[in-house]
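Please read this briefing alongside the sequence and the coordinates.

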Amino acid sequence: MITHVNQLSGPDLERVAQIWLKANLEAHSFIDPKYWLENFESVKSQLAVSELFIFRSDNQITGFLGMDHGYIAGLFVAAQFRGQGVGSALIKAAQSANQELTLSVYLKNQQARRFYVHQGFTEITRKIDEATGELTIDMKWPR
């Protein structure tokens with residue numbers, strides 16, 4: 001089940017923040033783990049007041065997608081639930097609520113790049129992420 005929220009607190013916020021941290025550490029081995037750890041509290045504060053699509057299975061949060069005016073700020077699925085359609089369902093929910101979506105993905109995160117292409121996103125531009133020094137690809141999905 002997917003819910004669409006603009007505010008999160010308590011155990012739900014903690015679960016979402018932990019999924020964010022673990023998924024970033026697992027998917028971005030090419031970035032110093034300190035980067036994610038140092039940004040954890042700031043991101044957690046932002047998640048509390050962000051537009052989120054949250055996927056629940058058996059009343060447990062298994063993944064989420066964060067939005068900012070049509071920009072997918074992140075899509076994260078707990079490790080044990082990957083490959084089960086959670087990410088695809090979250091993308092479809094975001095697509096049904098928006099005329100156009102954009103996102104940015106690290107060039108080295110090939111699995112995520114393939115996933116987004118499979119979901120209908122196409123590359124627009126490439127640039128260096130100043131915070132990490134890594135090359136990112138901006139992608140777009142039009143309805």
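The notes below are grouped by topic and concern a predicted model.

The structure holds seven salt bridges, among them Arg82 with Glu26, Lys108 with Glu134 and Asp138 with Lys127. The largest nonpolar core has 43 residues, and helix 1 gives the most to this core, with seven residues.

- Side chains of opposite charge can pair when their charged atoms come close.
- The side chains of Arg82 and Glu26 meet at 2.7 Å, taken from N to O, and this pair links distant parts of the chain, since Arg82 lies in the loop between strand 4 (71–77) and helix 3 (86–97) whereas Glu26 belongs to helix 1 (residues 10–27), 56 residues apart.
- In the salt bridge of Lys108 with Glu134, the closest N and O atoms are 3.3 Å apart; the two residues are 26 residues apart in the chain, with Lys108 in the loop between strand 5 (100–106) and helix 4 (110–118) and Glu134 in the loop between strand 6 (122–128) and strand 7 (135–142).
- Glu134 has a relative accessible area of 12% and is therefore buried, the cut-off for that term being under 20%.
- Asp138 and Lys127 form a salt bridge with an N to O distance of 3.0 Å, which joins strand 7, where Asp138 sits, to strand 6, where Lys127 sits, across 11 residues.
- Within this pair, Asp138 is buried at a relative accessible area of 15%, while Lys127, at 42% relative accessibility, counts as partly exposed.

**Helix 1**

- Helix 1 has 18 residues and reaches 26 Å from its first C-alpha to its last, which is close to the 26 Å expected at 1.5 Å a residue.
- Its buried residues are Leu13, Val16, Ala17, Ile19, Trp20, Leu21, Ala23 and Asn24, and what covers them includes helix 2 (33–48), strand 3 (60–68) and strand 4.

**Nonpolar core**

- In soluble globular proteins, nonpolar side chains tend to be buried together.
- Within the largest nonpolar core, the residues with the most contacts are Trp20, Leu47, Phe64, Leu65, Ile72, Tyr116 and Phe121.
- Phe64, one of these residues, touches Val16, Ile19, Trp20, Leu47, Leu52, Phe53, Ile54, Gly74, Leu75, Phe76 and Leu90 when residues up to four places away in sequence are not counted.

How values were computed. Residues are numbered from 1 along each chain as its sequence is written. This is a predicted model: local features need pLDDT of at least 70, side-chain atom pairs count only at pLDDT 80 or more; totals for chains, interfaces and linings use all residues. Side-chain values use heavy atoms; hydrogens and water are left out. A salt bridge is a side-chain nitrogen of Lys or Arg within 4 Å of a carboxyl oxygen of Asp or Glu. Helices (H or I, at least four residues) and strands (E, at least two) are DSSP runs, numbered from the N terminus. Buried means under 20% relative accessible area, exposed over 50%, partly exposed in between (1.4 Å probe, protein chains only). The expected span of a helix is 1.5 Å times one less than its number of residues. Contact means heavy atoms within 4.5 Å. A nonpolar core is a set of buried Ala, Val, Leu, Ile, Met, Phe, Trp, Tyr and Cys residues joined through side-chain atoms within 4.5 Å.
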